[in-house]
Amino acid sequence: MVKLKVNGMDRSFDGDPKMPLLWYVRDILQLTGTKFGCGIALCGACTVHKNGEAIRSCITPMSAAADSDIRTIEDLGANGLHPLQQAWMEMNVPQCGYCQSGQIMQALSLLKSNSHPADHEIDDAMSGNICRCGTYQRIRKAIKLAAGKIA
Amino acid sequence: MSQIENVSRRRFLKGAFGAGALILAVRYLPPMLLHGHATAGQSDADRAAFHPNLFVGIQQDGTVYIVAHRSEMGTTIRTSLPLVLADELDADWKRVKIDQAIGDKRYGDQNTDGSQSVRRFYDTMRECGAAARWMLIQAAAEHWNVAASECSTEQHTLVHKLSGRRTGYGELASKAARITVPKREQLQLKQPSEWRYVGKGMTSVDLEKLCTGKAMYGMDARLDGMLYASIEHPPVFGGKIESIDDQEALKVPGVHHAVRIDPFKPPAAFQPLGGVAVIADNTWAAFQGRKKLKIIWNNGPNQSYDSVEYKKELIETAHKPGKLIRSVGDVDNAFPTGKNVLEADYYVPLLSHVPMEPMVALAEFKDGKVAAWAPTQNPQAVQAIVSSELSIPIEDVVCHVTLLGGGFGRKSKPDYVAEAAVLSKKLGRPVKVVWTREDDVKFDYYNAVAAMYMKAAVDGKGKPTAWLQRSVFPPITSIFDVNAVYGDSPHLAQGWTDLPYDLPNIQIENGPARAHVRIGWLRSVANIYHAFAIQCFTDELAHRANRDPVEYMLDLLGPPRTLDFTNVEYPNYGADYKTYPWETGRLRKVIEMVADRSGWAKKKSTKGHGFGFAAHRSFLTYAATVVEVEVGDDGEIRIPRVDTALDAGLVVNPEATRAQFEGAVVFGTSIVRSGEITAKNGVIQQSNFNDYPVARINEVPTQTNVYITESSAPPSGVGEPGVPPFVAAFCNAIFAATGKRVRDLPLSSNSLFG
C-alpha cells in the first residue's frame, strides 16, 4: 500500500508499486492535465512536483512517490491563475498545448530556485522539455514576464 | 459555390438549440474538386458531394454558436475561421461559443491538412455570417415596422437610428428564423475598413484551458467501462504473425486479453498494420503485458530494406534520365562541355512527425454502430476506414474530434482509430488504444526520403544558361497503389515543377523509387526536399559567381511575371490558377522585404559567423528567410536570429500566423540538425527522442522575426510555408560561416559536420 498526497488530498494505492506515477495520476485519479509523451523522461510532458521539485512522473514508480507531496498542473490554477499561467496567456505561448503543463511545472521549479533567470539559465532548466510546435521563444519570454510578477 | 439554407426548424444540431433559435446551414460545393493532397485517398463521393455544410445559430439569449469543422492541432483554426463568420455577423466575440463538429461530409472537406482551412472556407464563412445578419435586419424591420434599409447592426445589437430603437440579436432570433434566406446577390459583405476581427485576429478560444491542464486531447478521452490497449505491430512493414505465445503476458496483473488484429490487405492506405493487442485495466498494465508477448513474425518482402543501400540506389537513379515533368528550351543542346557546368547531389532522409501526443483513440462499438473520440485531422477518413474495417455503413460511424496534441500531417491518417474500433467490436467494450512513443517513431507514415540531382551551365556572369533538376523519392501514392513509383503531380508541384526562374533552358525530371515503409504527408511535405535542393544549389551558383545570393536570386527570377503552366501538369495545391496564380513579383517582394528588415546588405559573413538566405512559394504563400548562424571552434552551431517575410494574401489572424512561422523554423531546425529515420533488415532503427531527437530550447533560433505583407490577395496557407525556406537558408548560412556545403541532411549524420 502506497500512501501519498496528491494536490493536497490524502491518497492510497494498493496496485503494482512499479506503476509509474504518471499512469496513477492519469488513469486512476483521472487528473489528465499531466501528459504522456515519451515514457522515458526525454520530453518532460509528464512533469509534476514531488515535495516542491519538478520530476518526470513517467519514470517515477509509485513506490518512490510514497509519503510524498505530489502537485500537478491541476493544483497550480486551483485558486485562480498562477502568475506563470497568466504570463503564458499574455505571451500567447501554446500552440497545440500538449506539452505546456509540463513546461509550466518545469518553469515553476526554475523560478522557485532562481527568481530572475538569465536566458542561458532558462535554456538549461527548460532543455528537458520538448515542444514540437516550437513555442520556445515565447516560453522564454513568459518565464521572464512571470519572474517579474512573482518578484 | 455555396447556398445558404435556413434549418431553424430542422434538428441538425441536436440539443444545442432551444426552439425558436435561428440556425443557418450552408449547402456547399467545394471550390475545387482537385485536392492538393490525398487525391487518391478520398472517395469521389467525398469530393463531389453537394451538401449542407457550416452552421451558425443564434439562441434567444443572444448566444451565437459557430461550428468549427476543422481540427485544432495548434494553428488556432478553431478560432480563426469562426472569427470570420462572427465578423460578418457583427457578433460580439465574447458571446460566441464554438461547437466542434463531428466528422460529416455535409460540412464539406474536413481534412485539416495542406494549409488550406482559411482559403477554402473564408468565403463560405463570410457569406454565412452576412446572411444571418441580413435576416436579423429584416426581422428588425418587421418588428419595428420600418424599412430594412433604415436598420443596421452594432455588435450583437439591431439598431434603428432614426428612432433610436435598439434590440439584441437574441430577442429577434425567433423572428429571424422565419425570414427567407437571402440570395448571394442580396448579401452586403463588409468592406475591409469595417472589419472588427478579420486581419486583427484573436487568441485561441482554448487559451486558458491550454495553460491550466484542462484542455481535452484524445489522450484524455474516457468512457465508463473502457479497456486500454497496447499493440505490438509487425516490426517490418507488411509483416505477418507466424505464431504467438501470450501466456506470460496474460499473467501480468490487470491484463485481460491478447487479441490478434489482422494484417492489412495491400495497399495499406489507412488500414491497421495488424499485430497483437494486449488489453488491460490501465495503460501501464497494457504496456507491461505487451512486453511479455512472444511473437514469431514472417517479415515478408520488405525485410531486405536497408536505408544505406537505398540511399545509394536513389542517387544512382537520380543520375539517370527520368520522366520528363517540364521543359523549357532545349537543355541537351544547351549544356556545353567543360568548366562552366556545376553538378550537385542533395539528399534528405525519411522524417518522422513525432507530435507530442502519440497516436491514441477511443472507440465504442455498440448495437452495430461505432462512436470514436480521436485526435484526428480527418474525421471523415475515420468514418471511411472504420466503416470498411467493420463492414458497417459510414453513417453509423460517429467521429468526435478532440483537441490534437500536435498533428503535422500524421493525424490525417486514421489507422490508429480503426484499431480501436476493431478491438471494441471484438471485446464488446469501449477500447482506448494508446501508442507508445516507440510505436509512433517506428510505425509512422514518413516524409519521403529523396535524392535530387542538380546541374547547371552558367554564362560569364554566373547566370545559368541551362538548368537540369531530377528528383527521386518513393511517392505518397504508394500507400494507395503498391505499384506507384513516380512522383504524382500534386507532390511534384510542391516546389519542383514550378521552378520559378526565368532561364532559357530548363528541364525538370523525376525518377522511380519503390516504397518499403508507409510514406505520408508531413508539414510542408515535398517542398522540404525540393526547396532544399533548389535553394541551396542556387546559393552554390551565386557563391561560385561571387555574387550576392539575394541579388542573384532576383536576377534568376527575372522581371515580375505570372508563370505559364500551359501544357504542364500543375495542380497548384488544388486551387484555381486564375485565383491563385504563381506570381514571381510577389516572391520578389518578400525577398526584398526580408533583405531590408534583416539588414542583409550590411551583413557580411565571416569565419564562424554566417548569414544565409532562401525563398520559396508553397501552399500558395510566398516566403523568404534570412538565417544567422554562429559556429564555434568545436563545431557547435547556434542560431541567434531568423527573419522571415511572407505574403499569404489576406491574413485573418496575424498573431496566429506569426506563431506558425515561429514554429516552422523550430520544425525546420529539427530537420536540419537531426531528422533522420533509417532502416536495417526492414526494421526502423529509431525509437524515441534519444535516437530521433527534435530541437530543444537551447538549439533553436534565439530570436525569430516574422514580417507579414499587407495584401488584398485571397488568403493562402500559413501552417507549412515557413519550413522550406528556413531549411535551405539555415544550410546556406552554415556554408557562409564554414565554407562547407550541406548537401546531405541531417547534420548529425553528415561526415562534414556530425
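In this predicted model, the centres of domain 1 of chain A and domain 2 of chain A sit 21 Å apart, taken over C-alpha atoms. Those domains span residues 2-76 and 83-150 of chain A, with bounds that come from an automatic or database domain assignment. Local features here need pLDDT of at least 70 and side-chain atom pairs count only at pLDDT 80 or more, while totals for chains, interfaces and linings use all residues. Residues are numbered from 1 along each chain as its sequence is written, and chains are lettered from A in the order in which they are written.

So what do the two domains of chain A share? Here, 16 residues of domain 1 of chain A are in contact with 14 residues of domain 2 of chain A (contact: C-beta atoms, placed from the backbone, within 7 Å). On the domain 1 side, strand S3 (47-50), strand S4 (53-56) and helix H3 (73-76) of chain A each give two or more residues; helices (H or I, at least four residues) and strands (E, at least two) are DSSP runs, numbered from the N terminus. S3(A) brings the largest share, three residues.

Between the chains, the contact takes 44 residues from chain B and 45 residues from chain A. On the chain B side, helix H5 (207-212), helix H7 (283-291) and helix H17 (654-673) give two or more residues, and H17(B) supplies the largest share, seven residues.

Here is the make-up of three of these sides. Ala, Val, Leu, Ile, Met, Phe, Trp, Tyr, Cys and Pro count as nonpolar, Asp, Glu, Lys and Arg as charged, and the others, Gly among them, as polar.

| Domain 1 of chain A, touching domain 2 of chain A | seven residues | seven residues | two residues |

Last stop, helix H15 (residues 549-557) of chain B: its buried residues are B:Pro549, B:Val550, B:Tyr552 and B:Met553 (buried: 20 or more other C-beta atoms within 10 Å of its own, with C-beta atoms placed from the backbone). They cover an arc of only 160 degrees around the axis, so they fall on the same side of H15(B); the arc is that of the directions from the helix axis to the C-beta atoms. Their cover includes helix H14 (526-544), helix H16 (584-598), strand S23 (609-618) and helix H18 (723-738) of chain B. After H15(B) comes B:Gly558, with a positive phi near 75 degrees.

Terms used: A residue is buried if 20 or more other C-beta atoms lie within 10 Å of its own, exposed if 12 or fewer, and partly exposed in between; C-beta atoms are placed from the backbone.
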